[in-house]
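Dear colleague,

I am handing over the structure we talked about, and my notes on it follow below. Please read them with the coordinates open beside you.

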Amino acid sequence: MSVESKVKGIISEQLEVSVDKLSPETTFEDIDADSLDIVELVMALEEEFDMEISDQEIENIKSVGDVIKYIESKV
Amino acid sequence: MELSGKCAIVTGASRGIGRACAISLAKAGASVVINYSQNKEAAEEVLKTIEECGGSAAIVKANVSQYTECEEIVKCAIDHFKRIDILINNAGITRDNLLARMKAEEWQEVIDVNLNGVYNCCKAVIRPLLKQKSGGRIINIASVAGIHGNSGQANYAAAKGGVIAFTRTMAKELGSRDITVNAVAPGFIETEMTDNLSDAVKEKIMDQVALKRFGKPEDVAEVVTFLASSASYVTGQVIAVDGNLSM
């Protein structure tokens, strides 16, 4: 499975939005994710990809595409 | 029973208020993780008492002022009971002294256990709690000293006041996940912690208690169990269990 579909799957599960509503351009604001949603998403990503994401890096994550790009740069 | 299938962690559960909370939660059906820091025999006695009542529990040694040891408490809960629903931050110490004579270590030790311990345990518990997605209950044992202040307890009162502010903040952060966070503020409760006060001091305190008796650990445990089992629309509150002590 590609990083993109894995990431979309995790976001869809964590934030309870259907995968077909997620494109790289979708921002977390678009899908009404609050700061705790983002923290929970990061926890799930850290677990899935066995990595640690710093607070500073979390701040730069605004859209689904940001997450995909970030994960792709690390794995 | 109302708490069957739930797992509760109680820190400092070998004696006093923690012990009473552990037993009361177990009687309500919860599986209990009994944390202690020094008195293993007392912790085992609590375990035995719970098992004799038909409850289930496990004991784990940990000093809550150390984060890595708090992770052990969480591990114990997951290993034995596969989940965590309730955290009772009860572990606490006193190093009473007037400020003019209070040593830096006396200040620090109390802050480390009574305030940092609450942060450490909440921090260790929060990930599994969020991941379970089934809500949760955090109850912090504060003190009336943390509300009114108490001469000779600058360290203790500061830590407990900190716990109260922490409680109110956590209630806001975690409310959207159905995790309630409340504090119970005991007044004068008959435990080892209050045992060594002089009779003169005890008499003076008694004068200020409307109910004209000192509290028992069970009086506090009752309120804690209520917050842990019912009270689903109560969060961010500080409930004094003090017989109306006017400090």
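B:Ile93 is found in the loop between E4 and H4 of chain B, where helices (H or I, at least four residues) and strands (E, at least two) are DSSP runs, numbered from the N terminus. With 17 C-beta neighbours inside 10 Å, B:Ile93 counts as partly exposed; a residue is called buried if 20 or more other C-beta atoms lie within 10 Å of its own, exposed if 12 or fewer, and partly exposed in between, with C-beta atoms placed from the backbone. Once its neighbours within four places in sequence are set aside, B:Ile93 is in contact with B:Glu109, B:Val110, B:Val113 and B:Asn114, a contact being two residues whose C-beta atoms, placed from the backbone, lie within 7 Å. For B:Val110, which is 17 residues from B:Ile93 in sequence, the C-alpha to C-alpha separation is 6.1 Å.

Please keep in mind that this is a predicted model, in which local features need pLDDT of at least 70 and side-chain atom pairs count only at pLDDT 80 or more, while totals for chains, interfaces and linings use all residues. Residues are numbered from 1 along each chain as its sequence is written, and chains are lettered from A and ligands numbered from 1 in the order in which they are written. The model scores ipTM 0.82 and pTM 0.94. Chain B averages a pLDDT of 97, and 100% of its residues score at least 70, pLDDT being the predictor's confidence in each residue, from 0 to 100.

Is B:Ala100 buried or exposed? B:Ala100 is exposed, because 5 other C-beta atoms lie within 10 Å. Its C-alpha atom is separated by 30 Å from that of B:Val184, which is 84 residues away along the chain.

B:Val184 belongs to strand E6 of chain B, which runs over residues 179-186 and is mostly covered, with eight of its eight residues buried. In a regular strand the side chains alternate between the two faces of the sheet. In E6(B), B:Ile179, B:Val181, B:Ala183 and B:Ala185 point one way, whereas B:Thr180, B:Asn182, B:Val184 and B:Pro186 point the other way, and all are buried. Strand E5 (residues 136-141) of chain B pairs with E6(B) in the parallel sense over six bridges, where pairing requires that DSSP finds at least two bridges between the strands. In this pair, B:Ile139 stands opposite B:Asn182. E6(B) also pairs in the parallel sense with strand E7 (residues 238-241) of chain B, over four bridges, and here B:Ala185 stands opposite B:Ala240.

Two helices of chain B deserve a look as well. Helix H9 of chain B (residues 217-229) has 13 residues, which at 1.5 Å a residue should span 18 Å, and its end C-alpha atoms are 18 Å apart, which agrees; the expected span is 1.5 Å times one less than the number of residues. Because 10 of its 13 residues are buried, H9(B) is largely enclosed by the rest of the structure. What covers the buried residues of H9(B) includes strand E1 (7-10), H1, E4, E5, E6 and E7 of chain B. After H9(B) comes B:Ala231, whose phi is positive, near 50 degrees. Helix H1 of chain B (residues 16-27) is mostly covered too, with 11 of its 12 residues buried, among them B:Arg19, B:Cys21 and B:Ser24. H1(B) is followed by B:Gly29, whose phi is positive, near 110 degrees.

Chain A has four helices and zero strands. Of its 75 residues, 13% count as buried. In helix H4 of chain A (residues 64-74), the buried residues are A:Val64, A:Val67 and A:Tyr70. Seen down the axis of H4(A), these residues fall within an arc of 130 degrees, so they line one face of the helix, the arc being that of the directions from the helix axis to the C-beta atoms. They pack against helix H1 (3-15) and helix H3 (55-59) of chain A, while A:Glu72 and A:Ser73, on the other side of H4(A), are exposed.

With best regards
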